[in-house]
Amino acid sequence: MKSFGPAAVRCKISNSLQVWVKKYLPADYSAGCIFTPVEGLSSESWRIVAGEHRCLARHESAEKRLLGISRKRECRLLRSLTPQAIAPSVICWESPWLAVSWINGQTLDTASFFSQSAQKRLATMLAALHGSTPQGEPLDLKRRLQIYWQSIDARRLTPAWLRVHQRLMKRRLPSALKISTAHMDIHPENWVEGPQGDCLIDWEYAANADIALEFAALFRANDYSAQQRAQLLQYYVLSGGYSDTLKLERQARQWQPWLDYLMLMWFEVRWQQTADTRYIDWARTLRQQLFNEI
């Protein structure tokens, strides 16, 4: 995690956050806090240091809700996972801020992420996560896509894109193998190795979803090879996860077009919100691939 942003912006935001801290966080956070912004693709979060205390404050806004981020849902899911120690613990939730424990340690690099040891540990974390009791309603993927569709720049739409959208939205979603809590954004920078062990961070897109959709997201985001996919699924079975690797991999492939389209639309919405051309570049690659497949 990296600090960013001009001092003037940092001061303005931290002052508003400081009011919230004094009102809602425990008394030992309320004096002498140091606020540091934390970088992320979809949101600004703040690291709060007060003496030996560390926490992360995550903001919710209309812009973030449009992306599918709900701090209330994130809070509920994290509270259900706290005994498993694979996620930060909730300190306080009071709109518009969610405060969670700061996880000390180092994030992984790509080479470390794909090491045999790390993939075995990832399988263990996923098996534990997918063994948890779902909290709330399952992810409504079609509804999320429709919200994104209504929020993108209409000037970018083409007849071909409209046909692909309509064709996909008329399809039935794959039948779920198992609905469970899914992180939905696992990659090296969201995995922290620390003194207390391994922990997944950034749970803002976590939801109750098919475990195969979790693997579809994991494989696509990290560009797993066929061999790497098979190996992780085998470790997953050995860790007590879903027992049929062939069925799980087949189901993940069925989810792939839906997952890719969700990513494409997310990039388009973020471009609309930020005018950052990175999102357009990422969306272009996905769009070309999807239009050839659907």
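Predicted model: local features only at pLDDT ≥ 70, side-chain atom pairs only at ≥ 80, totals over all residues.
Gly 240 follows α9, and its phi is positive, near 100 degrees.

**Entry 1: the span of α9.** I checked the length of helix α9, which covers residues 226-238. At 1.5 Å a residue, its 13 residues should span 18 Å. I found the end C-alpha atoms 19 Å apart, which agrees with that expectation.

**Entry 2: the faces of α9.** I listed the buried residues of this helix: Leu 232, Leu 233, Tyr 235 and Tyr 236. Viewed down the axis of α9, they fall within an arc of 160 degrees, so they line one face of the helix. On the other side of α9, I noted that Gln 227 and Leu 238 are exposed.

**Entry 3: what covers the buried residues.** I then asked which elements lie over the buried residues of α9. The cover includes α5 (116-130), α8 (211-222) and α10 (245-274).

**Entry 4: the nonpolar cores.** I turned to the largest nonpolar core, which has 71 residues. Within this core, Leu 122, Phe 215, Leu 218 and Tyr 261 touch the most other members. The largest share of the core comes from α10, with 12 residues. I also recorded a second, separate core of 14 residues, with Val 21, Ala 50, Cys 55 and Trp 97 among them.

**Entry 5: the contacts of Leu 122.** I set aside the neighbours of Leu 122 within four places in sequence. Leu 122 is then in contact with Phe 113, Ile 186, Trp 191, Leu 218, Tyr 224 and Leu 232.

Notes:
Residues numbered from 1 in each chain as written. Heavy atoms only, no water. Helix = DSSP H or I, 4+ residues; strand = E, 2+ residues; numbered from the N terminus. Expected span 1.5 Å × (residues − 1). Buried < 20%, exposed > 50% of the residue type's maximum accessible area, 1.4 Å probe, protein only. Arc of directions from axis to C-beta. Contact = heavy atoms within 4.5 Å. Core = buried A, V, L, I, M, F, W, Y, C linked by side-chain atoms within 4.5 Å.
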